[in-house]
Amino acid sequence: MWLPGIGSGVLGAAWMVSVAQLAPDGLAPGDPVQMLPLWAKLLYGGITEELLLRWGALNLLLFALWRGFQPEGGEPLQRLVWLAIVLSGL
């Protein structure tokens with residue numbers, strides 16, 4: 001599997017370099033004063049993923065399961081909560 005991985009990496013790098021050559025102004029960094037600090041850049045992906053998936057997708061899935069399989073209302077069944085957790089994890 002390492003050979004397709006290396007090939008894909010080389011193709012991806014070539015694509016990014018060619019796009020940077022075609023649109024250098026759109027990819028130029030902004031004002032350094034307004035750029036985020038390094039710690040914020042490093043944490044951004046993980047925090048964003050947790051907010052979108054664990055808070056957003058999990059709640060959306062649980063609501064859909066709750067309304068679909070428990071139309072009479074009440075608190076969601078524990079198995080529906082676990083199913084929503086597994087689906088959002090996938």
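Predicted model: local features only at pLDDT ≥ 70, side-chain atom pairs only at ≥ 80, totals over all residues.

Trainee: Where is glutamine 70 found?

Mentor: Look at the two helices on either side of it. Helix H3 covers 38-69 and helix H4 covers 78-89. Glutamine 70 is found in the loop between helix H3 and helix H4.

Trainee: Now to charges: which residue forms a salt bridge with arginine 54?

Mentor: Side chains of opposite charge can pair when their charged atoms come close. A search of the whole structure finds 1 salt bridge. In the salt bridge of arginine 54, the closest N and O atoms are 3.9 Å apart, and the partner is glutamate 50.

Trainee: How many residues apart are arginine 54 and glutamate 50 in helix H3?

Mentor: Both residues are partly exposed, arginine 54 at 35% relative accessible area and glutamate 50 at 39%. Along helix H3 they are separated by about one helical turn, because they are 4 residues apart.

Trainee: What about aromatic rings: is the pair of phenylalanine 63 and tryptophan 66 stacked or tilted?

Mentor: A pair of aromatic rings is described by the distance of the centres and the angle of the planes. The count here comes to 1 aromatic pair. The ring centres of phenylalanine 63 and tryptophan 66 are 6.0 Å apart and their planes are at 50°, so the pair is tilted.

Trainee: How many residues apart are phenylalanine 63 and tryptophan 66?

Mentor: Phenylalanine 63 is partly exposed, with a relative accessible area of 48%. In helix H3, about one helical turn separates phenylalanine 63 from tryptophan 66, because they are 3 residues apart.

Trainee: Last one: how much accessible area do the residues of the nonpolar surface patch have together?

Mentor: One of the patch residues is Trp39, which sits in helix H3. Tryptophan 39 has a relative accessible area of 58%, so it is exposed. Leu38, Trp39, Leu42, Leu43, Ile47, Leu51 and Trp55 form the patch, and together their accessible area is about 870 Å².

Conventions:
Residues numbered from 1 in each chain as written. Heavy atoms only, no water. Patch = residues over 30% accessible without salt bridge, like charges linked within 9 Å, V, L, I, M, F, W, Y side chains within 5 Å. Areas by Shrake-Rupley, 256 points an atom, 1.4 Å probe, with all protein chains shown as cover. Salt bridge = Lys/Arg side-chain N within 4 Å of Asp/Glu carboxyl O. Buried < 20%, exposed > 50% of the residue type's maximum accessible area, 1.4 Å probe, protein only. Phe/Tyr/Trp six-rings, centres within 6.5 Å; stacked < 30°, edge-to-face > 60°.
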